[in-house]
Amino acid sequence: YVTSRGDKNLITVAAESRAKTGHDIVDLPTLYTALYKDDLEPMDDLVKQITDAYGDVTPDAKYSGMVDGTWYSAPGPIGTHLYPMVSRLDLWKEHAGIDLKKIFPAGPDRDSALVKAWNYDNFLVGCQKLHAAGFPFGGPLGSQSDAQDWTGALFASFGSYPVNEKGDITFDSDETREALEYMKKLTQYMPKEVYAWDDASNNTWIISGRGSAIQNPPSAWRVAVRDQIQTASKLWHHDTPAGPKGRFRGSLTRMNGVWKFSKNKSAAKDLLLHLLQKEQQDALIDAAIGYDIPLIAAFNTHPVWKYTGPPEGTLYNYPVKGDEFRMICGYPAPATISAAIYDQDLFPNTVAKVTQEGKSFDDAIKWAVNELEGFM
C-alpha cells in the first residue's frame, strides 16, 4: 500500500510507467486511467463479469475507467468518495430558517417540493444570513482537489462546461458568466482565506464550530466524532443545491488498473474480482464506516449509511438518493483533457480571477480559454 501523502501514490505510478516495472495492481484516482492507458491492460473481461453479476457501474466509474470504448481500469474496491453538503443542522435552522433534516430525512420519504426549493438561489440567501450571524459557508478555492470537486459540480449546475465530449472548447458561454456571477455573490459570504485553504482546511472549519456548511466526504464528521462530539452530533450530510441546469455532486473515483508489463496479470485480475464481490464489498464498506462509496451501483444500499451516527442517519444521504448526477470535475471532456482541467485548477483559478483579482467576466474567461488551448 502506497500512501497518498505528498502524492507518493501518483509519483509511484509515474515512475513505474516509465520504468516498465513495479506493482501488478495500481490505484488510479480521478482521471489517471486516461493518462496511462497505453501502459494498462484492458479490463473489459473483468468489468463484464462484475456487471453480469451485479448490474451497472456508476456514471463516474464509466467516465474515469473507460477510454474510447475500452475499460483500462476496473472499479476500485475501496477509496472512492463523494462531495455532498455537510451542514450544521442547528445553525441552518436557527439563522436561516431551513430544516435540512426535514428536507433530506434519513429515509426514503422526501417532500419533492422541499427538495426542489433547495437550490443555489435559496442557498445564497441562507449563506448571507449565516454569514451575518458569524457562521459562513466554507468552500476551498485554492490548488487542491477539494476545490475542483465542488466548483466543477457548481458550474455544471449552471450548464457551464470547459470542453464538450468532442473536445471543443465551450467555456466562453452565457452559462459560465452566470456561474461566475453567482460565485461573485457567494464568495462575499465565505471566509476570506478560502483562496489559501488546503484539503484539510474546510474540515477544520466545520469542526471548529465556526462553519455552517462545507462540501466534503464524511472525513470531517469522523474527526469531529473523535475530537468535537458536540459539533459532530449536529452535522448532516445531504444533497447539493440545484442550479438552473440540474443538481450535481463531485466525485473522486479510485479505479484500479493492471500494468501491461505485469508478470501476474491473471492473479491481479482474480484478486480484483474477488474484492469486488458483494461479500467483500460489504465488509470493506463496513470497515470504512461508510466513508468509501462503491462504484457498483447495487452496493450503494449497505445499512451502514442508515444507522451510523451521531446523529443517527447522518450518512443516509451520503450515497446519492435523489436527482444528483455524480461527476468528476472536467466532465464531459475527453478524459485526458479533463485531467488537465482538474490538475491545473481551472475552475477555482477562474473564480479567483473575478473574485480576488477583480477581473471582468470576459477577461477571466479569456484567460481560461487560453489555458484550455494549452491543455489541448
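**Exercise 1. Which residues line the largest cavity?**

Solution. Before starting, note that the model is predicted, so that local features need pLDDT of at least 70 and side-chain atom pairs count only at pLDDT 80 or more, while totals for chains, interfaces and linings use all residues. Residues are numbered from 1 along each chain as its sequence is written, and side-chain values use heavy atoms, with hydrogens and water left out.

Step 1: on a 1 Å grid over the protein atoms alone, a cavity is a set of points where a 1.4 Å probe fits but cannot get out, and lining residues have an atom within 4 Å of a point. Step 2: the structure holds 1 cavity of 30 Å³ or more, and the largest cavity has a volume of about 60 Å³, a volume being the space filled by probe spheres set on the points, which are joined across faces, edges and corners. Step 3: the lining is formed by Gly 76, Pro 77, Ile 78, Gly 79 and Thr 80, together with Gln 281, Leu 284, Ile 285, Asp 292, Ile 293 and Pro 294. Step 4: these lining residues divide into 6 nonpolar, 4 polar and 1 charged, where Ala, Val, Leu, Ile, Met, Phe, Trp, Tyr, Cys and Pro count as nonpolar, Asp, Glu, Lys and Arg as charged, and the others, Gly among them, as polar.

**Exercise 2. Describe the largest pocket and its lining.**

Solution. Step 1: a pocket is an open set of points with protein on both sides within 12 Å along at least five of seven lines, and the largest pocket holds about 1500 Å³ of space. Step 2: of the 46 residues that line the largest pocket, Tyr 1, Ser 4, Asn 9, Asp 27 and Arg 254 are the closest to its centre. Step 3: among the elements that each supply at least two residues of this lining are helix H1 (8-19), strand E1 (25-29) and strand E10 (254-258), helices (H or I, at least four residues) and strands (E, at least two) being DSSP runs numbered from the N terminus. Step 4: H1 gives the most to the lining, with 5 residues, and the lining as a whole divides into 20 nonpolar, 16 polar and 10 charged.

**Exercise 3. Work out how H18 and H19 pack.**

Solution. Step 1: helix H18 (residues 346-355) and helix H19 (residues 361-375) pack at an angle of about 155°, with their axes 8 Å apart; axes are lines fitted to C-alpha atoms, for helices over the stretch in contact, and angles run from 0 to 180 degrees between N-to-C directions. Step 2: this angle makes H18 roughly antiparallel to H19, since angles under 35 degrees count as roughly parallel, over 145 as roughly antiparallel, 65 to 115 as roughly perpendicular and the rest as oblique. Step 3: the contact (heavy atoms within 4.5 Å) includes Leu 346 and Asn 349 of H18 and Phe 361 and Trp 367 of H19. Step 4: the residues of this contact divide into 8 nonpolar, 2 polar and 2 charged.
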